[in-house]
Structure formats: structure tokens, C-alpha cells
Amino acid sequence: MKTNNQESKKRRGSSTKDRILDAALDIIQEKTIGGLRIRLVAEKADMVQSNIQYYFISKKDLLLAVQKKVLNRYREIRQHSISLLKADSQLSLEDHLGIFINQKIYTIRKEKRYDVAELDFWNQSRLEPDMHREFCLSYESWRQEIRDMISCFAPEMPLIKQNLLSGITVSLLEGAAVQFLADRQAFDLDLYFAYCKEILIKEIKG
């Protein structure tokens, strides 16, 4: 059984890690991954550099942790949407699509640093094998969630089409982030995603 002191240390450690990762996300948004320096993260987090290196030995370790934080944040937002929607009846196809769409709308509008970091990680992953592996795993995890949804509502759909549709869905979501973050006047975000949902429902329901 953990003592109160042990629990207190654990909470402090978790809080410190979060501060470091949040500071790193801010630096990436401001200066890109190429401009990230442990010194800058320490300044942003208001702590000494040795504190950063206590938790993350190298810049690479820190970046891999930030990469996982981005993926986990996306999942947290989707889980929150599920908890709000859950009732006695099962969620509809429209509900499930809305969970993915609302998560992307939320990050684009409210927490764009996560999307900015994700796009930068794609570029960086071309040069860093560990980062590339994590990037591929995160996208496969995303596609698998969508495939599971498709197979639930269209069990007779051939697997090859399920795979294609899951990839198309991710592209629609990510494409909006790329375009909208570059130019907020490019299109109406709500209308874009309403049309995406309409297209996907037609494809899934046949």
C-alpha cells in the first residue's frame, strides 16, 4: 500500500512532466521541432534545465513523449464526447462519425498546437526512425478505430473497402487541419465537416 508521501511524490512528478510537455508543445508551435531546445523548454516551463533532463535524458526522448501526448490528447477528447453521448441505446453511425469530426474541429479551433505539432512530427519522422515508427502506429491506431466503426455498421463491406474508407476518413480530417491552419478563410469548417459526414454515411450505408 502506497503511503501519502509516495502518492504526493507521484502527483508532483506527473505535474512536472505535464509542465515540461506543455512547454515543449508551445515551443514547437512557436519555433517548430527544429527550433526546440531543452534550454527553451526549461525557460518556458519556468524550471532549471537539469529538471528537464531528469525526466527526459535527450531531446529525442522528450519529442517521443510529446508525440504520445498528442495522440493521447486526441483520444481524451473523443472519450469525453463518448461519455457525453452514452445513453441506454447504442450510438448511431452519425454519433460515431461526429465523435471523430468534433475532436478535429475542437483541436483546430481550441487547441491547434496539437495539430501543429502532429504536422511537424510528420516532417521530422522522415529523418528519425523511432519517431517514424510512432507516427505510423498512431495513424494505424486511428484507422483501426474507424475500421471498427465501419465493420460495426457495414459488416458485409469487403475489408479492402473498409481499409480504403478508413484512410479516406483520416485524410478528410487531417486535410481540414492542414488547410484551415494555413488559411482560416479557406472554407467554412462546419459546412466542410457536415458534407464529409454526409459523404461517409452514404458510403458506409451503401
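1. A salt bridge is counted here where a side-chain nitrogen of Lys or Arg lies within 4 Å of a carboxyl oxygen of Asp or Glu. Arg113 belongs to helix α6 (residues 112–125) and Asp26 to helix α1 (residues 4–31), so the pair ties together parts that are 87 residues apart in sequence. Helices are DSSP runs (H or I, at least four residues), numbered from the N terminus.

2. The model under discussion is predicted: local features need pLDDT of at least 70, side-chain atom pairs count only at pLDDT 80 or more, and totals for chains, interfaces and linings use all residues. Residues are numbered from 1 along each chain as its sequence is written, and side-chain values use heavy atoms, with hydrogens and water left out.

3. The two partners of the pair in point 1 may be described by accessibility, where buried means under 20% relative accessible area, exposed means over 50%, and partly exposed lies in between (1.4 Å probe, protein chains only). Arg113 is buried, at 18%, whereas Asp26 is partly exposed, at 26%.

4. A further salt bridge joins the side chains of Lys104 and Asp115, at 2.8 Å from N to O. Lys104 lies in helix α5 (residues 93–110) and Asp115 in helix α6, so this contact ties together parts that are 11 residues apart in sequence. Lys104 and Asp115 are both buried.

5. Within helix α7 (residues 129–153), Arg143 and Glu140 are 3 residues apart, about one turn of the helix. Their side chains form a salt bridge of 3.0 Å, N to O. Both residues are partly exposed: Arg143 has a relative accessible area of 25%, and Glu140 has one of 30%.

6. Salt bridges that share partners connect Asp22, Asp26, Lys69 and Arg113 in one network. The count of salt bridges by the stated rule comes to 20.

7. The surface also carries a nonpolar patch formed by Ile160, Leu164 and Ile168, which together have about 310 Å² of accessible area. Such areas come from the Shrake-Rupley method with a 1.4 Å probe, and for residues only the protein chains shown count as cover. Patch members have over 30% relative accessible area and no salt bridge; nonpolar side chains (Val, Leu, Ile, Met, Phe, Trp, Tyr) are joined within 5 Å, and like charges within 9 Å. Leu164 is located in helix α8 (residues 159–182), and this residue counts as exposed because its relative accessibility is 54%.

Technical notes
Helix = DSSP H or I, 4+ residues; strand = E, 2+ residues; numbered from the N terminus.
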